2 protein chains.
Amino acid sequence: MRELTPRQREIVLLIQEAIRNNGIPPTRAEIAGALKFRSVNAAEQHLRALERKGAIELLRGTSRGIRLKDAFREGSLRTMPGLPLVGRVAAGEPILAEEHIEARHRIDLDLFEAPPHFLLRVHGMSMKDAGILDGDLVAVHRTSEIRNRQIIVARLEDEVTVKRYRQEGHRVWLMPANAEFDPIEIDLREQQFTIEGVVVGVVRDSMRSR
Amino acid sequence: MRELTPRQREIVLLIQEAIRNNGIPPTRAEIAGALKFRSVNAAEQHLRALERKGAIELLRGTSRGIRLKDAFREGSLRTMPGLPLVGRVAAGEPILAEEHIEARHRIDLDLFEAPPHFLLRVHGMSMKDAGILDGDLVAVHRTSEIRNRQIIVARLEDEVTVKRYRQEGHRVWLMPANAEFDPIEIDLREQQFTIEGVVVGVVRDSMRSR
DNA sequence: ATACATACTGATAATATATACACATACGGT
DNA sequence: ACCGTATGTGTATATATTATCAGTATGTAT
């Protein structure tokens, strides 16, 4: 997609503003008015150019039929479908496969230190002492760069698990936060496991989960 | 604001859907078409009724000039300033006083069983075994109707505290979820305390809080 | 030198849309 | 019995809006 010209960016800004303020996109006449065009056709031509460049989509024969394409839409949160909530994950399938997505929830990303990419429902009490209970949702930031003592989401023989990470050389321990559970030891030279991400937050529906 | 009729709710739903799918509100004709009205005026009348009830705002002389009022806007997230985050509460002041509001955070309300009215930062580890750690945010639904064993936010001699509720006759215990803390006993005939609400959820920024 | 995108003015036709008016039925409250 | 609200049908019209045609001027790449 080619770059937008400054004037075209102004038009996009104007459309965003109209949607934010009035809930509806502007008409050609309103665009012309705002930018002091004497001709509505100037607005029309700009819209056509923006459509060619893929910034907007024009619905023909429709009043105010201007649709901002994703990249030009405002406020990530505002338009984002929301973080996918991943439930049980079937063996051999990617964690974010559509089948696993139970719902989507919108949450201010700045509630967390690092932006989460998805939510995962936790089963079992193995992380109880870390304040993660059965049924809780953990907010997960997808990354493979993790440090010791971080709580991570890992994949181990097709099971998804949430544990505290500890590595020494080629040996990795997945540490539960509950005395009733045993650590899982992994030898990186023999076994393979995948790190899906790091837990950046927890969301609990207190009344439902207990 | 009076309740909406089922038919009126359908109209609101339709408007939400149109905005979600097309980015623009529907015309009267589109509403009539979708609901199989033979007359566009049926749609007009519904819109007028919805405007009277405060669900929408109609921009006169404007095509697609339908604006959903906050409470009826989708996601509520989109427009809501967000749940107020309450930090330390000063003695003698209402919990939601402006001075206590550290920030506002937008969260899908349907993440929780009951809609939260505000977030409160928890200090201390007294609810550790209930998975509520120091620095966590609890989502609070303001109500005075609470049942035994629910985790509540109470006010006791100008201190705001989160504890599990237990009542027998005129005696109330505020139970910590941590063996290192003692229950607080209250005699309703002598002491007075205020119930600020019930905890409906927990939100934790894992990386910041530890 | 010529083609092509940008950035407009100005006018007009076609149609999309809002809105008013007349009328009908059903239902709940007074 | 009467009124107001909800839920429609049907017709008509003013106007809001899209869309097209005919130009002008400027810069940039070929």
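This is a predicted model: local features need pLDDT of at least 70, side-chain atom pairs count only at pLDDT 80 or more; totals for chains, interfaces and linings use all residues.

Colleague: Which residue is the bridge partner of B:Q167 in β9(B)?

Modeller: We are looking at the antiparallel pair of β8 and β9 in chain B. The hairpin of these strands has 2 residues between them, and B:G169 takes a positive phi near 60° there. Across from B:Q167, the bridge partner in β9(B) is B:V172.

Colleague: And which residue of β10(B) does B:L174 stand opposite?

Modeller: β9(B) also pairs with strand β10 (residues 184-187) of chain B, in the antiparallel sense and over 4 bridges. In that pairing, the residue of β10(B) opposite B:L174 is B:I184.

Colleague: Let's turn to the two protein chains. How much area is buried between chain B and chain A?

Modeller: The contact takes 42 residues from chain B and 40 residues from chain A. In general, the size of an interface is often given as the accessible area lost when the parts come together. Carbon and sulfur atoms give 51% of that area here, and the total between chain B and chain A is about 3600 Å².

Colleague: Which three residues supply more of the area that chain B buries against chain A than any other three?

Modeller: Here we look at the chain B part of the area buried between chain B and chain A. Three residues supply 18% of what chain B buries against chain A, more than any other three, and they are B:L111, B:R204 and B:M207.

Colleague: What is the N to O distance in the salt bridge of B:R106 and A:D108?

Modeller: The structure holds 28 salt bridges over all chains. This pair crosses between chains, from the loop between β4 and β5 of chain B to the loop between β4 and β5 of chain A. Across the interface of chain B and chain A the rule finds 2 salt bridges. In the one between the side chains of B:R106 and A:D108, the N to O distance is 3.6 Å.

Colleague: Which element gives the largest share of the side of chain B that touches chain A?

Modeller: Between chain B and chain A, 19 residue pairs are in polar contact. On the chain B side, the elements that give two or more residues are α1 (6-22), β4 (101-105), β11 (193-205) and α4 (206-209). The largest share, 8 residues, comes from β11(B).

Colleague: Where in β11(B) is the residue that A:D205 stands opposite?

Modeller: Strand β11 (residues 193-205) of chain A is joined to β11(B) by 5 bridges, and the two run antiparallel. Within β11(B), A:D205 stands opposite B:G201.

Colleague: Now the DNA! Which element gives the largest share of the surface near DNA strand C?

Modeller: DNA strand C is surrounded by 26 residues, and the closest are A:R7, A:R38, A:S39, B:G61 and B:R64. By class, the residues of this surface are 3 nonpolar, 14 polar and 9 charged. The largest share, 5 residues, comes from α3(A).

Colleague: How far is an N or O atom in the side chain of B:R64 from a phosphate oxygen of DNA strand C?

Modeller: Let's compare how the protein atoms approach this strand. A polar side-chain atom of A:H46 lies 3.4 Å from a phosphate oxygen of DNA strand C. B:G61 uses a backbone N or O atom, which lies 2.5 Å from a phosphate oxygen of DNA strand C. For the side chain of B:R64, the distance is 2.5 Å.

Colleague: What percentage of the atoms of DNA strand D within 4 Å of the protein belong to sugar or phosphate?

Modeller: There are 25 residues around DNA strand D, and A:G61, A:R64, B:R7, B:R38 and B:S39 come nearest. Phosphate oxygens of DNA strand D lie 2.3 Å from a polar backbone atom of A:G61 and 2.4 Å from an N or O atom in the side chain of B:R7. Bases account for the rest of the atoms within 4 Å, while the part belonging to sugar or phosphate is 75%.

Colleague: Last one: how many charged residues does the surface near DNA strand D have?

Modeller: α3 of chain A, together with α1 and α3 of chain B, each supply at least two residues of this surface. One polar side-chain atom, from B:R52, lies 3.1 Å from a phosphate oxygen of DNA strand D. By class, the surface has 3 nonpolar and 13 polar residues, and the number of charged residues is 9.

Conventions: Residues are numbered from 1 along each chain as its sequence is written. Chains are lettered from A and ligands numbered from 1 in the order in which they are written. Side-chain values use heavy atoms; hydrogens and water are left out. Contact means heavy atoms within 4.5 Å. Buried area is the accessible area (1.4 Å probe) that two parts lose on being put together, summed over both. A salt bridge is a side-chain nitrogen of Lys or Arg within 4 Å of a carboxyl oxygen of Asp or Glu. A polar contact is a pair of N or O atoms within 3.5 Å; within protein, one must be able to donate a hydrogen and the other to accept it, and residues adjacent in sequence count only if both atoms are side-chain atoms. Two strands pair if DSSP finds at least two bridges between them. A residue is near a molecule or strand if one of its heavy atoms lies within 4 Å of it. Ala, Val, Leu, Ile, Met, Phe, Trp, Tyr, Cys and Pro count as nonpolar, Asp, Glu, Lys and Arg as charged, and the others, Gly among them, as polar.
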